[in-house]
Amino acid sequence: MARVMHETDRALRGLTGYAYEIKCVFCGVFFRSSRIDASFCSSTCRSRFSRQPAKRQARLDRARVAVLELLDHDETEALQEIAQLIADRLRTL
Ligand SMILES: [Zn+2]
């Protein structure tokens, strides 16, 4: 689940370009990413996860919860970014 870092946090940690802390869907470790739609800390976790289709529903549930949390906290900018990512991706399918 992505956490949008506050500007002060970013400055303190020197993370310009890595705006998000993401919890890896497979191993649960937090990692930094410039992409809010990142899900895995590594290609290893991505491939291990893909071999476990039973976890797909859990991933979908976490995504739904993440979006609902953003809605509850009026994270309009983050929601618009997510909506744009989804629209862009669906356009290429
Ligand atoms: Zn991982």
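This is a short tour of the structure, one selection at a time.

Before you start, note that the model is predicted: local features need pLDDT of at least 70, side-chain atom pairs count only at pLDDT 80 or more, and totals for chains, interfaces and linings use all residues. Residues are numbered from 1 along each chain as its sequence is written.

**Stop 1: the whole chain**

Show everything as a cartoon. You will find four helices and three strands; helices (H or I, at least four residues) and strands (E, at least two) are DSSP runs, numbered from the N terminus. Of the 93 residues, 9% count as buried. Here a residue is buried if 20 or more other C-beta atoms lie within 10 Å of its own, exposed if 12 or fewer, and partly exposed in between, with C-beta atoms placed from the backbone.

**Stop 2: the hairpin**

Select residues 20–23 and 30–33. These are strands S2 and S3, which pair in the antiparallel sense over four bridges; two strands pair if DSSP finds at least two bridges between them. Click on Tyr20 and you can look across to its bridge partner in S3, Ser33. Lys23, in turn, stands opposite Phe30.

Now show the side chains of S2. Which residues are on its covered face? They are Tyr20 and Ile22, while Glu21 and Lys23 make up the uncovered one. In a regular strand the side chains alternate between the two faces of the sheet.

Six residues lie between the strands of this hairpin, and Gly28 takes a positive phi near 85 degrees.

**Stop 3: Val25**

Stay in the loop between S2 and S3 and select Val25. Val25 counts as partly exposed because 19 other C-beta atoms lie within 10 Å. Leaving aside neighbours within four places in sequence, Val25 is in contact with Ser39, Phe40, Phe49 and Arg59; contact means that the C-beta atoms of two residues, placed from the backbone, lie within 7 Å.

**Stop 4: Ile36**

Move on to the loop between S3 and helix H2 (43–50), where you will find Ile36. Is Ile36 buried or partly exposed? It is partly exposed, because it has 17 other C-beta atoms within 10 Å. From its C-alpha atom to that of Glu21, 15 residues apart along the chain, the separation is 8.4 Å.

**Stop 5: helix H3**

Select residues 56–72, the 17 residues of helix H3. From first C-alpha to last, H3 reaches 24 Å, close to the 24 Å expected at 1.5 Å a residue; the expected span is 1.5 Å times one less than the number of residues. H3 is hardly covered, with one buried residue among its 17.

**Stop 6: Asp74**

Finish in the loop between H3 and helix H4 (76–91), at Asp74. Asp74 is not a glycine, yet its phi is positive, at about 50 degrees. With 9 other C-beta atoms within 10 Å, Asp74 is therefore exposed.
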